[in-house]
Amino acid sequence: MKAAVFTMKLEPDLRAEFMAEAEACHRPASQVVREFMRSFVQQQRAQREHDAFLQRKVEVARASMADGQGRSNEEVEATFAARRATHS
């Protein structure tokens with residue numbers, strides 16, 4: 001795979017601090033940036049997957065309620081209040 005060049009604008013102070021920290025870690029700045037980018041991509045993908053998972057759960061729950069299979073919050077609260085009262 002051929003490498004692509006990525007150019008970006010930075011504040012001079014940020015660039016200088018970043019370069020100094022990368023050098024202090026004995027790592028090329030480009031390697032550190034690639035690691036940041038990979039981490040960012042993984043985090044974004046994981047977040048999108050989690051959001052999609054939650055959306056599917058909400059859709060299933062709404063469909064269940066629409067089909068009359070679910071229970072209202074009031075019913076659930078009443079059931080557990082009764083359980084707590086009998087176990088106190």
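Let me start with salt bridges, where a salt bridge is taken as a side-chain nitrogen of Lys or Arg within 4 Å of a carboxyl oxygen of Asp or Glu, and by that rule the count comes to one. The partners are Arg-27 and Glu-35, with their closest N and O atoms 1.9 Å apart. Arg-27 is partly exposed, because its relative accessibility is 29%, and Glu-35 falls in that class with a relative accessible area of 33%; the classes here are buried for under 20% relative accessible area, exposed for over 50%, and partly exposed in between, with a 1.4 Å probe and protein chains only.

Residues are numbered from 1 along each chain as its sequence is written, and side-chain values use heavy atoms, with hydrogens and water left out.

As for confidence, pLDDT is the predictor's confidence in each residue, on a scale from 0 to 100, and the protein chain has a mean of 94, with 100% of its residues at 70 or more. Where pLDDT is low, predicted coordinates should not be read in detail.

Now the helices, which are DSSP runs of H or I with at least four residues, numbered from the N terminus. α1 has 13 residues and reaches 18 Å from its first C-alpha to its last, close to the 18 Å expected at 1.5 Å a residue, the expected span being 1.5 Å times one less than the number of residues. For helix α2, residues 29–66, the 38 residues should span 56 Å, and the end C-alpha atoms are 55 Å apart, which agrees.

Turning to aromatic rings, the structure holds one aromatic pair, by a rule under which rings of Phe, Tyr and Trp (its six-membered ring) pair if their centres lie within 6.5 Å, with planes under 30 degrees apart counted as stacked, over 60 as edge-to-face and the rest as tilted. The rings are those of Phe-18 and Phe-36, with centres 6.4 Å apart and planes at 45°, so the pair is tilted. It links distant parts of the chain, with Phe-18 in helix α1 and Phe-36 in helix α2, 18 residues apart. Phe-18 is partly exposed at 22% relative accessible area, whereas Phe-36 counts as exposed at 55%.

Finally, the surface: Phe-6, Met-8, Leu-10, Leu-14 and Met-37 make a nonpolar patch of about 500 Å². Of these, Met-8 lies in the segment before α1 and is partly exposed, at 47% relative accessibility. Ala-3 is placed in the segment before α1 as well, and Ala-3 counts as exposed at 69%.

Notes:
Predicted model: local features only at pLDDT ≥ 70, side-chain atom pairs only at ≥ 80, totals over all residues. Patch = residues over 30% accessible without salt bridge, like charges linked within 9 Å, V, L, I, M, F, W, Y side chains within 5 Å. Areas by Shrake-Rupley, 256 points an atom, 1.4 Å probe, with all protein chains shown as cover. Helix = DSSP H or I, 4+ residues; strand = E, 2+ residues; numbered from the N terminus.
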